[in-house]
Amino acid sequence: MSTPYPFTAVVGQTDLRLALLLNAVSPAVGGVLVRGEKGTAKSTAVRALSALLPQVDVVPGCRFSCAPGAPDPACPDGPHEPGPGQGRPARMVELPVGASEDRLVGALDIERALSEGVKAFEPGLLAHAHRGILYVDEVNLLHDHLIDLLLDAAAMGASYVEREGVSVRHAARFLLVGTMNPEEGELRPQLLDRFGLTVEVAASREPAQRVEVVRRRLAYEDDPAGFATRWSGDEHEVRARVVAARALLPKVALGDTSLLQIAATCAGFEVDGMRADIVMARTATALAAWAGRTEVRKEDVRQAALLALPHRRRRNPFDAPGLDEDKLDEILDRFPDEEPENEPEPDPEGPEGPDDNGGGGVPPQGGGPEGGGPAETTESTEAPSEAPEQQPDAPQPSAQGGGGAAPEQAAVRASEPFRTKMLSVPGLGEGAAGRRSRARTAHGRTTGAQRPRGQLTKLHLAATVHAAAPHQKARGRAGRGLVIRKDDLRQATREGREGNLVLFVVDASGSMAARQRMSAVKGAVLSLLLDAYQRRDKVGLITFRGSGAELALPPTSSVDAAAARLEQLPTGGRTPLATGLLKAHEVLRIERLRDPSRRPLLVVVTDGRATSAGALGGDPRELSGRSARLLAAEGIASVVVDCESGPVRLGLAGVLAADLGAPAVTLDGLRADSLAGLVKNVRTAVTSASPASGTSAVSHTHRRAA
């Protein structure tokens, strides 16, 4: 077993280390979500935390880590007889992104349950993490239904497994830690709220601090055991402090003044629900215990707010998390602390005693060479996050606006977003779980049954009984029970929804700047991005203007990155429509190789004018028609958002839509309230016309929304 990097050797990252330690003191805080760029010691700090947790006593042979003094009465391995326990270190269990539901919650042997009446249960990761740490790296990439199961178990302290009437329950209390890189997509607000604390981490830009990070990392890699030995004294001190804080926690008093401070803070920042108040109260109590005090102070409440509130204030994925500290101080100053009476002095034998700020204590940093660096430094040797490969073009009037075209104009702000109609890809897909198009999924309504391929996961009970019934006499059935064989088992096939790749192709030419049209266009695209976020899609952004097209944002799960690129988008120059469509064709071809199961939806936002052939040469309108028919011939589902406005309209967007085999919808028609209660399915069907003509037919299906 490899030697883990010592927790106390992580340079800086004060908030991260403090949030982890507070959860170690009081698991009721509800876990911590660590957000930050790559290479910022997120995973290193989490993996190192388990070494600081006290040893746990378990019932010998119990797969669910029951405590000898208070075993779980519903433990599947119980009941347990009274007796001495067996000590072991607290576990740190990692949940991989590609884990299945059975791997997380456990698996029931349905065949034995039906044929023998035995509840044969194989524990999952939730059982292994009981009384330890459950670590989820890249939690934002985990499927939503797994996150729901995970957070439900963390909130209830128990895991329930239900399979066709067979039920198993076991205790599952653990310290939940998730890490994520926001560039790869955000968590839904409902899931963010379920994490007790959130910490933002970033790499230091100070050379001296980065030098210390590299020095420690190289020393660890050269001699892991020797490096850990040099930090063992600091590790022991922090471990002792965690034990002392746990013992002190029940004695900490949360007074009425502190409760008023907490309630006023949550109300002042307009936080939804009451979970924030409860988490703040638990965090402030843990801070006081960590500082060696028995009374919560204003500084504890302040620090608790900084850890518990920023992620709960987001109203949409484009809001940056954060908290106005001046406003926070103003709220807390309305409720000054009462003078404490007979406040006990901190334990002088503690590793550091409480910090000067009254509770923000973190592990010591002076045990290694050069001492410790200031906050916001990292342990990892990876380079800091580089700027994205693709950036919006800087203004280039000569390149983009040549040939007498309209000059480039500065970027305009998007209009207010609105709720859009749902656009979906036709047919039945098999992509990643989402909320847009119909697909065969592991969850959803049951549509049929088939023989299982590999391990049985979802039993179709009626089909299984139907398959076994004709053979009961030949199998010598006696009594009421059926004789079930493995060949009788049937897997349920289910239909749900998948996420798609929504590729936006946005016209940024000079004609789009007329009558403030670009502001409305950006508002429409921003609305579609919000819809893509809610439906768990990947998104990409192509813009075209002047003489070329640019992939402004490669396909990603981060819709806020797409919104940022959209906000910076300038306009000007001619309209190379064909170049934009061919760029979309190339991007979709590459993405089909990378992720063949994710079906694309092409959204072309334009007025349909084609005034430039770019580097292709030839007639712009003829080239755009040929490019559109190329996309249609490959069966790519598309929709054209017609941006033309004014009393005189040329209808060129409608011509483009016909070539794409796609519907055309105006900016106003894109609004969900423009045709209340209707859902639009984008249907693409290539007709029996000759391939040379590329003619395609478009069928639109409208149905009432559920």
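Helix 11 and helix 13 are roughly parallel to each other, a term used for angles under 35 degrees. This is a predicted model, in which local features need pLDDT of at least 70 and side-chain atom pairs count only at pLDDT 80 or more, while totals for chains, interfaces and linings use all residues. Residues are numbered from 1 along each chain as its sequence is written, and side-chain values use heavy atoms, with hydrogens and water left out.

**Helix 11 and helix 13**

- Helix 11 (residues 256–268) packs with helix 13 (residues 298–308) at an angle of about 30°, their axes being 10 Å apart; axes are lines fitted to C-alpha atoms, for helices over the stretch in contact, and angles run from 0 to 180 degrees between N-to-C directions.
- The contact (heavy atoms within 4.5 Å) is made by Ser258, Gln261, Ile262 and Thr265 of helix 11 together with Lys298, Val301 and Ala305 of helix 13.
- By class, this contact of helix 11 with helix 13 has 3 nonpolar, 3 polar and 1 charged residues.

- An open sheet of 3 strands has the order 13-15-14 with antiparallel pairing, where two strands pair if DSSP finds at least two bridges between them.
- Strand 13 (433–441) and strand 14 (445–450) are the edge strands, each of which pairs on one side only.
- Neighbouring strands of this sheet are turned against each other by 30° on average, direction ignored.
- Strand 14 and strand 15 (residues 491–498) run antiparallel and are joined by 5 bridges.
- Threonine 446 stands opposite arginine 494 in strand 15.

Definitions and conventions:
Helix = DSSP H or I, 4+ residues; strand = E, 2+ residues; numbered from the N terminus. Parallel < 35°, antiparallel > 145°, perpendicular 65-115°, else oblique. Nonpolar A, V, L, I, M, F, W, Y, C, P; charged D, E, K, R; others polar.
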